[in-house]
Amino acid sequence: MDFIRNEHGAILAAAIILLFFVSLFLFSLVSWHDSIQRSYDSLETYYENETVRTMKRNG
């Protein structure tokens, strides 16, 4: 139980550093997912517009 009552604050510092790296990882993951989702949305919009253009030309 001595390591829990650490007066030097080493565990607190380690916890804050770990929290920082986990938060940074999660932020990177969410940003990457958002970037990919934006790419898929732009492709969807492009193909929808091309489909409408083709249907108007042939209809």
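These notebook entries record what I looked up in the structure.

**Basis.** I worked from a predicted model, in which local features need pLDDT of at least 70 and side-chain atom pairs count only at pLDDT 80 or more, while totals for chains, interfaces and linings use all residues. Residues are numbered from 1 along each chain as its sequence is written, and side-chain values use heavy atoms, with hydrogens and water left out.

**Secondary structure.** I looked up the elements as DSSP runs, numbered from the N terminus (helices are H or I, at least four residues; strands are E, at least two). The protein has one helix and zero strands. Helix α1 covers residues 10–58.

**Burial and surface.** I classed residues by relative accessible area: buried is under 20%, exposed is over 50%, and partly exposed lies in between (1.4 Å probe, protein chains only). Of the 59 residues in the protein, 0% are buried. I then took the accessible area by the Shrake-Rupley method with a 1.4 Å probe, where for residues only the protein chains shown count as cover. The protein exposes about 5,900 Å², and carbon and sulfur atoms supply 67% of this area.

**Nonpolar patch.** Leu18, Val22, Phe25, Leu26, Leu29 and Trp32 form a nonpolar patch on the surface, together holding about 630 Å² of accessible area. Of these residues I checked Phe25, which is found in helix α1 and is exposed at 53% relative accessible area.

**Aromatic pairs.** I paired rings of Phe, Tyr and Trp (its six-membered ring) when their centres lie within 6.5 Å; planes under 30 degrees apart count as stacked, over 60 as edge-to-face and the rest as tilted. The count comes to two aromatic pairs. The ring centres of Phe20 and Phe21 are 5.5 Å apart with the planes at 70°, so I recorded this pair as edge-to-face. Tyr46 and Tyr47 also form an edge-to-face pair, at 5.2 Å centre to centre and 70° between the planes. Phe21 is exposed, with a relative accessible area of 51%. Tyr46 is partly exposed at 45%, whereas Tyr47 is exposed at 53%.

**Salt bridges.** Side chains of opposite charge can pair when their charged atoms come close. I required a side-chain nitrogen of Lys or Arg within 4 Å of a carboxyl oxygen of Asp or Glu, and the count comes to two salt bridges. Asp34 and Arg38 meet at 2.8 Å, N to O; both lie in helix α1, four residues apart, about one turn of the helix. Asp34 is partly exposed at 40%, and Arg38 is exposed at 52%. Glu50 and Arg53 meet at 2.6 Å, N to O; they are three residues apart in helix α1, separated by about one helical turn. Glu50 is partly exposed at 26%.

Terms used. Patch = residues over 30% accessible without salt bridge, like charges linked within 9 Å, V, L, I, M, F, W, Y side chains within 5 Å.
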